[in-house]
Amino acid sequence: NIYDNKFHKKGLVFIDDKQAKKLDNVTVLENDILFNITGASVCRCCIVESDYLPARVNQHVSIIRANEKISPVYLHHILISPKIKAELLVIAQGSATREAITKIQLEEFKIPVPPIVNA
């Protein structure tokens, strides 16, 4: 369902409140970035819009949440930029069994962040 710059509704699975409660650790918030971490769609990402909430992710998706030092829109554009996407794909192709990128690899990946200037 995750594509660069967009999210496709087709094929979404709906869960009840009981199932959702068990998945509290993978709760998606508005403006989170969903990042595919396995398979042929590895490294595709999009920003979550409020229309899709409440939501949870499965084991093939990582949630990237911007902090006060970076805009989610900027972060998303960096992640899908050709140079950064190519670097991430090289990391993902280094997996032993299939294209994949781990949580640790994502956490250690350096993103260029310009200084914030207050006007």
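1. Ground rules. The model is predicted: local features need pLDDT of at least 70, side-chain atom pairs count only at pLDDT 80 or more, and totals for chains, interfaces and linings use all residues. Residues are numbered from 1 along each chain as its sequence is written, and side-chain values use heavy atoms, with hydrogens and water left out.

2. The sheet. Three strands form an open sheet in the order S5-S4-S7, with antiparallel pairing. Strand S5 (45-47) and strand S7 (61-64) are the edge strands, each pairing on one side only. From one strand to the next, the twist averages 20 degrees. Strands here are DSSP E runs of at least two residues, and helices are H or I runs of at least four, numbered from the N terminus. Two strands pair if DSSP finds at least two bridges between them.

3. Pairing in detail. S4 and S5 pair over three bridges, antiparallel. Phe35 stands opposite Cys45 in S5. S4 and S7 are also antiparallel, over four bridges. There, Ile33 faces Ile64 in S7.

4. Helix on the sheet. Helix H2 (residues 72-80) packs on the sheet and touches S4, S5 and S7. The direction of H2 makes about 165 degrees with that of S5. Axes are lines fitted to C-alpha atoms, for helices over the stretch in contact; angles run from 0 to 180 degrees between N-to-C directions.

5. Sides of S4. Ile33 and Phe35 point one way from S4, Leu34 and Asn36 the other way. All are buried, that is, under 20% relative accessible area; exposed is over 50%, partly exposed in between (1.4 Å probe, protein chains only).

6. Asp32. This residue is in the loop between strand S3 (27-28) and strand S4 (33-36). Asp32 counts as buried because its relative accessibility is 2%. Its side chain makes a polar contact with the side chain of Arg65 at 2.7 Å. Such a contact is a pair of N or O atoms within 3.5 Å; within protein, one must be able to donate a hydrogen and the other to accept it, and residues adjacent in sequence count only if both atoms are side-chain atoms. Beyond neighbours within four places in sequence, Asp32 is in contact (heavy atoms within 4.5 Å) with residues including Thr27, Cys46 and Ile63.

7. Asn25. Asn25 sits in the loop between helix H1 (17-22) and S3. At 67% relative accessibility, Asn25 counts as exposed. Asn25 and Val57 are 32 residues apart in sequence and 9.5 Å apart in space, C-alpha to C-alpha.
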